[in-house]
Amino acid sequence: MNGKVYPWGHGRRFNSYPERMRTLFGERVQKISVDAGFTCPNRDGTKGTGGCTFCRNDAFNPSYCHPKKSISQQIAEGIEFHRRRYRRAGKYLAYFQAYSNTYGDVERLEALYREALKTDHVIGIVIGTRPDCADDDRLDLLQRLSRHWHVVVEYGIESVYDSTLARVNRRHSFADAVRAVENTASRGICTGGHIIFGLPGESREQMLAGASILSRLPLASIKFHQLQLFRDTPMADEYLKHPGDFHTFTLTEYLDFAADYTERLSPSITIERIAGETPPRYALHRPWGPRYDEILRRFERLLEQRNSWQGRYFIP
């Protein structure tokens, strides 16, 4: 904090998700991940099999998440877990995280979402999904729920370049992502996106150019993820065969890149995460070392050293 108040209403040098949630709800709000047993059209044969080449869902599913447990049981166990770790949280969002969480019958989706919403201390839901799994029927359901609860849809955008999306076997285009984000936001639903830095074939300049491309979309929030190579994935095999096609960031390089990207990003977009984490047992390479909280502190310190902030070089 430097005494200056930025366009997002506080003194942190980027539009911080925790600060936004405190503004909306008056206190800390914590996400609780749940696994409802979904799959995705890129796994069940509808569009393809095998999934995205980088994907390994068990690398980020918390231990209490398991589709054999009910949604309410997972939330109860998740709240207990987070109360030990984050004692300040008093309100929770049920985060449907694993795979594509709008990929199912609308009636089943509504039952699962409502089971989460009727749980004590849960004030809303966050739905992680693909851009090609959100048609009008599913968005109509989420729009109805958003009249009474906080509802967020987070789309895996991953890249703004179709050549990259094809290479990692996403089996949707960036135009699909644009349509999904615009259709969702037009209904008054809070809309987020995920982007991965370091996918094969993308230069630093291409990745940085993505900041202005995404800034044109009605995104309320965004998560940054550095490419993490997980064992037993097609991308890990590709890396071992063609390592020259990949740029694996050191932590110092990544923080510098993330700061450059943030300077180009619209100040209206809340940044929810600046990097991803994974248990070391899944990683092809040794993780950076510091926990996310320390990485975030270093990121903010770098912005201070630069005397910079989110959107400094953003051109509307």
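Predicted model: local features only at pLDDT ≥ 70, side-chain atom pairs only at ≥ 80, totals over all residues.
Visitor: Which strands do the buried residues of H1 pack against?

Guide: They pack against S1, strand S2 (91–96), strand S4 (150–158) and strand S7 (270–273). Packing here rests on contact, meaning heavy atoms within 4.5 Å. Helices (H or I, at least four residues) and strands (E, at least two) are DSSP runs, numbered from the N terminus. Residues are numbered from 1 along each chain as its sequence is written, and side-chain values use heavy atoms, with hydrogens and water left out.

Visitor: Which are the buried residues of H1?

Guide: Buried means under 20% relative accessible area, exposed means over 50%, and partly exposed lies in between (1.4 Å probe, protein chains only). In H1 the buried ones are Tyr17, Glu19 and Met21. Phe25, also in helix H1, is partly exposed at 22%. Setting aside residues up to four places away in sequence, Phe25 touches Lys91, Ile123 and His150. Just after the helix, Gly26 takes a positive phi of about 80 degrees.

Visitor: How do I read a salt bridge, and how many does the structure hold?

Guide: The general idea goes like this: side chains of opposite charge can pair when their charged atoms come close. The cut-off is a side-chain nitrogen of Lys or Arg within 4 Å of a carboxyl oxygen of Asp or Glu. The structure holds 29 of them. Arg22 is partly exposed at 29%, whereas Glu19 is buried at 19%.

Visitor: And where do Lys47 and Asp132 lie?

Guide: Their side chains form a salt bridge at 2.6 Å, N to O. Lys47 lies in the loop between strand S1 (29–34) and helix H2 (71–85), and Asp132 in the loop between strand S3 (122–129) and helix H4 (136–146), so the pair ties together parts 85 residues apart in sequence. Lys47 is partly exposed at 34%, and Asp132 is partly exposed too, at 25%.

Visitor: Which residues are linked with Asp256 in a network of salt bridges?

Guide: The network joins Arg204, Asp256, Asp260, Glu263 and Arg306. Take the pair Asp256 and Arg306, whose side chains meet at 2.6 Å, N to O. This pair links distant parts of the chain, with Asp256 in helix H9 (residues 251–264) and Arg306 in helix H10 (residues 292–306), 50 residues apart. Asp256 is partly exposed at 32%, and Arg306 likewise at 23%.

Visitor: Back to strand S2: is Leu93 buried or exposed?

Guide: Leu93 sits in strand S2 and is buried, at 0% relative accessibility. The C-alpha atoms of Leu93 and Val126 are 6.6 Å apart, though 33 residues separate them along the chain. Another buried example is Thr164, at 3%, in helix H5 (residues 162–167). Beyond four places in sequence, Thr164 touches Ser159, Leu199, Pro200 and Glu202.

Visitor: Let's zoom out. How many helices and strands does the protein chain have?

Guide: There are 10 helices and seven strands. The radius of gyration, taken over C-alpha atoms, is judged against the globule rule, 2.2 Å times the number of residues to the power 0.38. Here the radius is 19 Å, close to the 20 Å the rule gives for 316 residues, so the chain is as compact as a globular protein of that length. The C-alpha trace spans about 50 × 45 × 40 Å along its principal axes, and 55% of the 316 residues count as buried.

Visitor: What share of contacts between residues at least 6 apart in sequence join residues at least 24 apart?

Guide: That share is 80%.
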